[in-house]
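Colleague: Happy to have some time with you on this one! Could you walk me through how its helices pack and what sits in its core?

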Amino acid sequence: MHPTTQETKSTCCYCGVGCGVIIEHNDLEITGVRGDPEHPANFGKLCSKGSSLHLSAKRILQQQARVLAPHMRENRADALRESDWESCFEFVSERLAQCIQEHGPDSIGLYVSGQLLTEDYYLFNKLAKGLIGTNNIDSNSRLCMSSAVAAYRQSLGADAPPCCYEDIDQAEVILIAGSNTAYAHPILYRRIEEARRNRPQLKVIVVDPRRTDTAQEADLHLAIQPGTDVALFNGMLYLCLWEGWLDQEFIRSHTDGFTELKDLVRDFTPSMVAKTCGIREQDLLEATRWFATSNASLSLYCQGLNQSTAGTAKNSALINLHLATGHIGREGAGPFSLTGQPNAMGGRETGGMANLLSAHRDLNNAQHRAEVAELWGVDELPSTAGKTAVEMFNAARQGEIKILWIVCTNPAQSMPDQHLIREALERAELVIVQEAYRGTATMAYADVVFPAASWGEKSGTVTNSERRISRVRAALSPFAQAKPDWEIAKAVALKLARKLHRDKPYFDYADSEEIWNEHRQSTAGRDLDITGLSYGILDEQGPQQWPYPFGAQKGATRLYTTAQFATENGRAKFIPTAYIAPSEKVSARYPFLLNTGRLRDQWHGMSRTGTVAQLFAHAPEPSVQLAASDMQARFITEGDLIEISNARGKIILPANQSDSLHSGQVFIPMHWGQEFTGGHHLNQDQMSSEHLGVNALTTSAFDPSSKQPELKLAHVKINKI
Ligand code: SF4
């Protein structure tokens, strides 16, 4: 007899679009997945990744790919051995307690992930800041969205994207900057395509050094030189000034700082900007005219702006343009950062980063620290700034951080300048890896492995790019001995509290809903107030946008509709955005600029998508993309092995001619690491330990405000081997 088929509504675990899915399953296996027609993010549609979720969840694959049991070793020289949960919890809590007593709480660092659910995030943040007593908790969201966050906070007063997906249907102009939306946010891109079919007059401008699939379909593609976005946006503002395209009334009534900015942009003449950005003056003028004079201009942007040493300035310069033209707080208008990961937003809501506290509170604010301390029932919270992602691994490399607890992320592949990261992992005295998949590069450094539950086995909430909170529901029990992430945090916290003789803060949660209710309580009176929301409402009425305060009947579709901003005086701020060239330039020694990014059918380090054969049909193996002119000049033909190198490292990949690149640029996808680099082309000698994936080459230089590293630009040389 076939087991009974059931259906469970949940959310896709990949990108920040946050599509609703219906999981088809029985008691033993997930058998299918389809888009949830009632979910407002996707109305039943799924992209190639989302529609293969059930394939990646197949039990036979899970048996091969997952961590099946807890593992540990007491000495680095020993091999990891299978253990049991109780022994691992005891060992870890004892080592944490010892480390706190001998070296202080800041000798511990937690590196977590935008893949975690909000409830997981809340508990890890509470464990770090409320019990261990350190702000050394940061997230791989630092590599993803922190520049967008810094700019929203500086300009608008809060980490709150003002727009919603409906704005795509209502915009007259959509400016896509630094985002290959067709690959990275496919369901949103389909919405843009549909909007263009319905309204042929809709103009799409794409700003991207590469002629991506998104750029090819645009009405106007500004193929700027990598890293010159600030010059472009300042140049557009210059033209608005001279052509009389400003919204003077909006500037006067609702903003501060325009005079200072006006002085700064005087230098950004069309000829200067055209030369700096490598575009035609007439294209600059056309783009500016469309953007400034439309009734509703929307910008969509992602890692091309964020992953940069000038990431905050790039975001701010674009927001300046929206404020100066009044394209904000209205239907179809506003600066809309697209979230990379499924729950980078939810993580920030809980304050799960080194510079934040619960509910968008600021770590530097004594009043905010006191509010959270009171909520958690502790005397005080640590005030010393926590280490952000790159800083945390640097501190471990220098012996300052002695224990690293890495949760649901793979820094030995995804962090920039891999040699430094791997040195840090070797130097740390204890590395705890909490992970669902056993093949990740970071696993090689683990002293303790906590097997974590994965998609389809966990329950909680996530928040997508448009501030919409959706339920994630478990269809099956966790595989093998895996546990949900929050349960692992809780178990360690309870043991650690006993060892530290503390009875606060509270960690004895019965389920994820109890954690979420405490998180909800922490948002009272804050910009993201969700005191009117509950698991019950989410279950009955479906996903909801924040804020959703007590007594509300629905969440806020868009923010700042009355032009009251979240700053102290309610006025938005123009930020003077000087143009600063990228940290690395081309030179005789390194004549190429490397760009990194996603492919359509893979996700991050491929621990999940890499288990699905169909998802390799689009790009079966990694390659280095080169312009035809560069290949001809160097007698390179398709498939030749190319060594790409700089002072940080080298990798070897087959050449792939691409008409999306200008001469002098190379592109390498981010997905493949040591285990995959070079595919079948490499012999054993070439598969040396030098092959660490593209992040062998990227720089750990970071933006001074957001601390987000410049993952999308590095200088390199290439040699045919
Ligand atoms: Fe999942 Fe993103 Fe694809 Fe939607 S667009 S199905 S959230 S990967």
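**Helix packing, cores and backbone details**

Modeller: Gladly, and keep in mind that this is a predicted model. Let's start with α10 and helix α14 (residues 281-293), which pack at an angle of about 70 degrees with their axes 9 Å apart.

Colleague: Is α10 roughly parallel or roughly perpendicular to α14?

Modeller: The angle between α10 and α14 is about 70 degrees. Angles of 65 to 115 degrees count as roughly perpendicular. So the relation of α10 to α14 is roughly perpendicular.

Colleague: Which hand does the crossing of α10 and α14 have, and how many charged residues does the contact have?

Modeller: α10 passes α14 in a right-handed crossing. On the α10 side the contact uses G235, M236, L239 and C240, and on the α14 side L284, L285, A287, T288, F291 and A292. By class there are eight nonpolar and two polar residues in the contact of α10 with α14, and the number of charged ones is: none.

Colleague: How is α10 oriented to α16, roughly parallel or roughly antiparallel?

Modeller: Helix α10 (residues 229-243) packs with helix α16 (residues 311-325) at about 15 degrees, their axes being 8 Å apart. Under 35 degrees counts as roughly parallel. That is why α10 is, relative to α16, roughly parallel.

Colleague: And what are the hand of the α10 and α16 crossing and the classes of the residues in contact?

Modeller: The crossing of α10 with α16 is left-handed. From α10 come D229, V230, F233, N234, M236, L237 and C240, while α16 brings A313, K314, A317, L318, N320, L321, A324 and T325. Sorted by class, the residues of this contact of α10 with α16 are 10 nonpolar, three polar and two charged.

Colleague: Which element gives the most to the largest nonpolar core?

Modeller: The largest nonpolar core has 191 residues, and F124 and I174 touch the most other members. The element that gives the most to this core, with nine residues, is α10.

Colleague: How many residues are in the second, separate core?

Modeller: That second core includes L626, V666, A714 and I718. Its residue count is 27.

Colleague: How do α3 and α22 lie to each other, oblique or roughly parallel?

Modeller: The axes of helix α3 (residues 85-103) and helix α22 (residues 485-499) come within 9 Å and cross at roughly 50 degrees. Roughly parallel would need an angle under 35 degrees, and roughly perpendicular one of 65 to 115. The orientation of α3 to α22 is therefore oblique.

Colleague: What are the hand of the α3 and α22 crossing and the classes of the residues in contact?

Modeller: α3 passes α22 in a right-handed crossing. The contact joins F89, E90, V92, S93, E94, L96 and A97 of α3 to A491, V492, K495, L496 and K499 of α22. The classes in the contact of α3 with α22 are seven nonpolar, one polar and four charged.

Colleague: Is V448 buried or exposed?

Modeller: V448 lies in strand β18 (residues 448-451). Leaving out neighbours within four places in sequence, V448 contacts M72, C88, F91, V92 and I432. Being buried takes 20 or more other C-beta atoms within 10 Å. V448 has 24, so V448 is buried.

Colleague: What phi does H360 have?

Modeller: H360 sits in the loop between β14 (356-357) and β15 (361-362). With 22 C-beta neighbours inside 10 Å, H360 counts as buried. Phi of H360 is positive, in a residue other than glycine, and its value is near 60 degrees.

Colleague: Last one: what is omega for the cis peptide bond from K504 to P505?

Modeller: P505 is placed in the loop between α22 and α23 (512-522). The bond from K504 to P505 is cis, with omega near -5 degrees.

Note on methods: Residues are numbered from 1 along each chain as its sequence is written. This is a predicted model: local features need pLDDT of at least 70, side-chain atom pairs count only at pLDDT 80 or more; totals for chains, interfaces and linings use all residues. Axes are lines fitted to C-alpha atoms, for helices over the stretch in contact, and angles run from 0 to 180 degrees between N-to-C directions. Helices (H or I, at least four residues) and strands (E, at least two) are DSSP runs, numbered from the N terminus. Angles under 35 degrees count as roughly parallel, over 145 as roughly antiparallel, 65 to 115 as roughly perpendicular and the rest as oblique. A crossing is left-handed if the near helix is turned anticlockwise from the far one by less than a right angle, and right-handed if clockwise. Two residues are in contact if their C-beta atoms, placed from the backbone, lie within 7 Å. Ala, Val, Leu, Ile, Met, Phe, Trp, Tyr, Cys and Pro count as nonpolar, Asp, Glu, Lys and Arg as charged, and the others, Gly among them, as polar. A nonpolar core is a set of buried Ala, Val, Leu, Ile, Met, Phe, Trp, Tyr and Cys residues joined through C-beta atoms within 7 Å. A residue is buried if 20 or more other C-beta atoms lie within 10 Å of its own, exposed if 12 or fewer, and partly exposed in between; C-beta atoms are placed from the backbone.
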